[in-house]
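These are my notebook entries from a first pass through a structure that was new to me. I wrote down each thing as I looked it up.

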Amino acid sequence: QAPSGLKMAPHHVLKCCQRSLAWIPVIFINLVVGWSYYAYVVELCIFTIPNNAEKISYLVVFHLFFIMFIWSYWKTICSRPASPSKEFCLAKVEKEQYEKEQPDAQQDILKKAAVGLPVYTRTGTGAVRYCDHCQVIKPDRCHHCSTCDMCVLKMDHHCPWVNNCVGFSNYKFFVLFLAYSMLYCVFIAATVLQYFIKFWTNQLPDTHAKFHVLFLFFVAAMFFISILSLFSYHLWLVGKNRTTIEAFRAPVFRNGPDKNGFSLGFSRNVVEVFGDQKKYWMFPIYTSEKYIKNLIPSLTNMKADLMKWNNLHRNLSGRINLFRMEWLPKYSYSR
């Protein structure tokens, strides 16, 4: 019989291979962007455009879009998905009890554990949302990603082009990545067009730049069209304060499903994603830290208040029961 370590080895090797292969789309995008940079800067601006003023103006605007595109792209890639805090984990005793019980009894345990938590959504059957894999009560808008192997807060989708989950921690960066990649492509297509026509109609001599300029226009136009539809869709989601998951399946609350359950109005929905400081909306940086700082004490205070009311309720119930046991019989007997 093979040792357990040897049995686990194929699984770890497979997992390692999957993680390595997941970077192929990211490598592809970076190779295309790297080639586009060379084709535009070297082949078009340096070797093809004769006018220095036109050349400089193109290079300045191009590098502006290029920097913002790369910045937002890598922020989307490098931002670790946010996961539920330890408050949403079951206590050790509750976890052991949960694993032993039947489904109905398990729901009773989850309902008791969720009393002090800000959780309002339910499953389609009205049960408390719980992840058996991560062993946490799922906060609202949280879903388990099988690729990342974790529960992700406000999960939108897992994007292979960034090899990361798009959710609470990087959704703003993802939308900016789409915006700047679209601007990058449309700027390249617009400025290359006249030289594309000149090469195509043989107004310019056949040089090594011809292939790069012709191919650059086709690639930029193709990517622009595909990104435009995706960017428009996510702008619509931002305006509605929905995720891609919620757009296909409305979140279920205690009173039933509601596709607009998280909408705060268009302007507040935009602030939810881009932050309250408009001067930072166009930059892939965190702009809502004060809301996070204010949210944590608020949730803590709310939980403390709930615990106080629960304790008060228990004390009051105990005194009422004591009154019933000690004074009511005496009162009945005296009468």
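Entry on cysteines. I began with cysteine 165, whose sulfur has its closest cysteine sulfur in cysteine 145, at 3.3 Å, which is too far for a bond. I kept in mind that the model is a predicted one, and that a disulfide would need the two sulfur atoms within 2.5 Å. Cysteine 165 counts as buried, since its relative accessibility is 1%. I then searched the whole structure and found zero disulfides. Cysteine 89 is therefore in no disulfide either, and the nearest cysteine sulfur, which belongs to cysteine 134, is 9.0 Å away. I noted cysteine 89 as partly exposed, with a relative accessible area of 35%.

Entry on the overall make-up. I counted ten helices and nine strands in the protein. Of its 335 residues, 39% are buried. I looked up the accessible surface as well, which comes to about 20500 Å², with 64% of it belonging to carbon and sulfur atoms. Where contacts join residues at least 6 apart in sequence, 59% of them link residues at least 24 apart.

Entry on α9 and what follows. Which residues of α9 are buried? I listed Asn269, Val270, Val271, Val273 and Phe274, and the buried residues of this helix pack against α6 and α7. Glycine 275 follows α9, and its phi is positive, near 95 degrees.

Entry on threonine 287. I placed this residue in the loop between α9 and α10 (289-334). Is threonine 287 buried or exposed? With a relative accessible area of 6%, threonine 287 is buried, because the cut-off for buried is under 20%. Its side chain makes a polar contact with the side chain of lysine 172, at 3.4 Å. A polar atom of the threonine 287 side chain also lies 2.6 Å from the backbone oxygen of phenylalanine 274. Leaving aside neighbours within four places in sequence, the residues in contact with threonine 287 are Lys172, Phe274, Gly275, Asp276, Gln277 and Tyr280.

Entry on a sheet. I traced three strands that form an open sheet, in the order β1-β8-β9, with antiparallel pairing. β1 (121-122) and β9 (256-257) stand at the edges with a single partner strand each, so one side of each has no neighbour in the sheet. β1 is joined to β8 (residues 252-253) by two bridges, and these strands run antiparallel. Threonine 121 has phenylalanine 253 as its bridge partner in β8.

Conventions
Residues numbered from 1 in each chain as written. Predicted model: local features only at pLDDT ≥ 70, side-chain atom pairs only at ≥ 80, totals over all residues. Heavy atoms only, no water. Pairing = 2+ DSSP bridges. Helix = DSSP H or I, 4+ residues; strand = E, 2+ residues; numbered from the N terminus. Buried < 20%, exposed > 50% of the residue type's maximum accessible area, 1.4 Å probe, protein only. Contact = heavy atoms within 4.5 Å. Polar contact = N/O pair within 3.5 Å; in protein donor to acceptor, adjacent residues only side chain to side chain. Areas by Shrake-Rupley, 256 points an atom, 1.4 Å probe, with all protein chains shown as cover.
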